[in-house]
Amino acid sequence: MYIDEGSKGKIIINNPHISLKIKKSQGSKLILNGDVFINSHIGGTNPIIITLGVNSTLKIDGDFIIGNGVKLILSDEAFLYLGGKDIESGSGITADSVIMCYKDIRIGKDFLCAWNVFITDSDWHTIENKQHYENVTIGNHVWIANNSSVLKGSTICDNSIVASLTKISNKSYPPNSMLAGIPANIVKSNISWSRDI
């Protein structure tokens, strides 16, 4: 009932104790080109909330995992792209993370997102009459560790790692980088990583 016509996937709830709340506004689209798995991480049961504003689009492109307490919030006319599993064993968001999309956020395949991560393309208020939003792009095979923030105007290229407690804002970083700190700096280059131990 929530998934739009033409989608190739379905929502699979693996834990009956987690509720999934989807609110779709007029003209909004939820497009699944793969299955979405609703999982519990570390025993959590907080509800998952997906809110789609008027004429917004959430496209999940491949199998994708969404954990307890995750919130995906799209404003009117917004577009959020989440890439699914490709070469890794999974792609998704662990738990208690928030993505707030004002206009355009694109996250590539094989995404590994830990808990308490905040991603947004907007300040959500105007400051000194300056533009309050700028697109966010996260490449393929990017790992964002816990308690990190990716803010407006950020570009994280393929195969990178964002360390715990890192803040990225309005800057672009090259592929295969390890980023850490507030603000984020490249602490290691030419890295490689794998989801599975």
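Colleague: Why does Trp193 count as buried?
Modeller: Its relative accessibility is 10%. Buried means under 20% relative accessible area, exposed means over 50%, and partly exposed lies in between (1.4 Å probe, protein chains only). Trp193 falls under the 20% limit, so buried is the word.

Colleague: What do such values rest on?
Modeller: This is a predicted model, in which local features need pLDDT of at least 70 and side-chain atom pairs pLDDT 80 or more, while totals for chains, interfaces and linings use all residues. Side-chain values use heavy atoms, without hydrogens and water, and residues are numbered from 1 along each chain as its sequence is written.

Colleague: How many aromatic pairs does the structure hold?
Modeller: Three. Rings of Phe, Tyr and Trp (its six-membered ring) pair if their centres lie within 6.5 Å; planes under 30 degrees apart count as stacked, over 60 as edge-to-face and the rest as tilted.

Colleague: Why is the pair of Tyr102 and Trp124 called edge-to-face?
Modeller: The ring centres are 5.5 Å apart, within the 6.5 Å limit. The planes stand at 85°, which is over 60, so the pair is edge-to-face.

Colleague: Where in the chain do Tyr102 and Trp124 sit?
Modeller: Tyr102 is in the loop between β11 and β12, and Trp124 is in the loop between β14 and β15. They are 22 residues apart, and the pair links distant parts of the chain. Strands here are DSSP runs of E with at least two residues (helices are H or I, at least four), numbered from the N terminus. Tyr102, Trp124 and Tyr133 form one aromatic cluster.

Colleague: Are Tyr102 and Trp124 buried, exposed or partly exposed?
Modeller: Tyr102 has 24% relative accessibility, so it is partly exposed. Trp124 has 29%, so partly exposed applies to Trp124 as well.

Colleague: What makes the pair of Trp143 and Trp193 tilted?
Modeller: The centres are 5.5 Å apart, so the rings pair. Trp143 lies in strand β16 (residues 143-144) and Trp193 in the segment after β23 (185-189), so the pair ties together parts 50 residues apart in sequence. Trp143 is partly exposed at 31%.

Colleague: How do you know that Asp110 has no salt bridge?
Modeller: A salt bridge needs a side-chain nitrogen of Lys or Arg within 4 Å of a carboxyl oxygen of Asp or Glu. Lys and Arg count as positive, Asp and Glu as negative; His and the chain ends are not counted. For Asp110, which is buried, the nearest side chain of opposite charge is Arg195, at 7.4 Å. That is not within 4 Å, so no salt bridge is assigned.

Colleague: What does the side chain of Asp110 reach?
Modeller: The backbone nitrogen of Asp86, at 2.8 Å. Asp110 itself lies in the loop between β12 and β13 (112-113). Its contacts (heavy atoms within 4.5 Å) beyond four places in sequence include Lys85, His141 and Trp193.

Colleague: Why are β2 and β20 at the edges of the seven-stranded sheet?
Modeller: The open sheet runs β2-β5-β8-β11-β14-β17-β20, with parallel pairing. β2 (20-24) and β20 (167-168) each have a single partner strand, so one side of each has no neighbour in the sheet. Two strands pair if DSSP finds at least two bridges between them.

Colleague: What makes β11 and β14 a pair?
Modeller: β11 (residues 98-101) and β14 (residues 118-120) share three bridges, in the parallel sense. At least two are needed, so they pair. Met100 has Thr120 as its bridge partner in β14.

Colleague: Which strands does β12 pair with?
Modeller: Strand β9 (residues 79-83) pairs with β12 (residues 104-107) over four bridges, with Phe79 opposite Asp104.

Colleague: Is Ile22 buried or exposed?
Modeller: Buried, because its relative accessible area is 10%. Ile22 lies in strand β2. Leaving aside neighbours within four places, Ile22 is in contact with Tyr2, Ile11, Leu30 and Ile50.

Colleague: Which residues does the cis peptide bond join?
Modeller: Ile182 and Pro183, with omega about -5°. Pro183 is in the loop between β22 (177-180) and β23.

Key. A polar contact is a pair of N or O atoms within 3.5 Å; within protein, one must be able to donate a hydrogen and the other to accept it, and residues adjacent in sequence count only if both atoms are side-chain atoms.
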